[in-house]
Amino acid sequence: MTFAGMGMVPGAEPNVSLFFLGGGSVLASVAIFAGVYVWLLIRMLLAEQAIAIEEKTGAVASVGRTWQMTKGSVLRTACVAVLIVFISLPVTLLTWLAAQSVSFVVLKRIGIQLNRFELSSMDFLPLVVFFLITILVSMAGGIITQPLFGTVFTTLYLDQRIRKERNRA
């Protein structure tokens, strides 16, 4: 017996057409939705910079300006965004590990043993302490990486603006 959710029916031979009628169509729909979402995200990535740099620009006008700026350079913009995420990933991971370590040390010093298999039976206060410490220490990573993102995306916006204005002239 085969699964209907996988695109197959009981007693039938698996084939490609049945795959797309079952789970494959769901997977394809999610992939298409994710692709459109990422494409729109890349097209709107520089809207903050358009608001900050351009004079007398509102939200709608800055989205239009960003749309115009990224036209024809979506792949280049996406590559820069992926690169900056990979550059900031070690800092983010280190601050997350530090936050987890500090949280466990503080809870142990208080006298609370944190067991991940018994979280549902724990009191509310240790969880609050754990999450507050984790959030506060994790903010340090944001303090380090956020200016990097702002600088790179502002430079990318100015680069796009120079390229577009040079092509017009």
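Q: Which residues of helix 5 are buried?
A: The buried residues of helix 5 are Val74, Thr77, Ala78, Ala81, Ile84, Ser88, Thr95, Ala99, Gln100, Ser103 and Leu107. Buried means under 20% relative accessible area, exposed means over 50%, and partly exposed is in between, using a 1.4 Å probe and protein chains only. Helices are DSSP runs of H or I with at least four residues, numbered from the N terminus.

Q: Good to know. What kind of model is this?
A: This is a predicted model, where local features need pLDDT of at least 70 and side-chain atom pairs count only at pLDDT 80 or more, while totals for chains, interfaces and linings use all residues. Residues are numbered from 1 along each chain as its sequence is written, and side-chain values use heavy atoms, leaving out hydrogens and water.

Q: Back to helix 5: where does it bend?
A: At Ser88, by about 40°, and a proline, Pro90, follows within four residues. The bend is the angle between axes fitted to the seven residues ending at a position and the seven starting there.

Q: And what comes just after helix 5?
A: Gly111, which takes a positive phi of about 105°.

Q: Changing topic, how many salt bridges are there?
A: The count comes to six, taking a salt bridge as a side-chain nitrogen of Lys or Arg within 4 Å of a carboxyl oxygen of Asp or Glu. One of them joins the side chains of Arg76 and Asp159, at 2.4 Å from N to O. Arg76 lies in helix 5 and Asp159 in helix 6 (residues 124-168), so this pair ties together parts that are 83 residues apart in sequence.

Q: What else does Asp159 pair with?
A: Arg163, in a salt bridge of 2.9 Å from N to O.

Q: Is Arg65 buried or exposed?
A: Arg65 counts as buried, because its relative accessibility is 15%. Its place is in helix 4 (residues 59-70).

Q: Which side chain does Arg65 join in a polar contact?
A: That of Tyr157, at 3.5 Å. A polar contact is a pair of N or O atoms within 3.5 Å; within protein, one must be able to donate a hydrogen and the other to accept it, and residues adjacent in sequence count only if both atoms are side-chain atoms.

Q: What about Arg161?
A: Arg161 forms a salt bridge with Glu165, with the closest N and O atoms 3.7 Å apart. Arg161 counts as partly exposed, at 23% relative accessibility. Salt bridges that share partners join Glu54, Arg65, Arg161 and Glu165 into one network.

Key:
Helix = DSSP H or I, 4+ residues; strand = E, 2+ residues; numbered from the N terminus.
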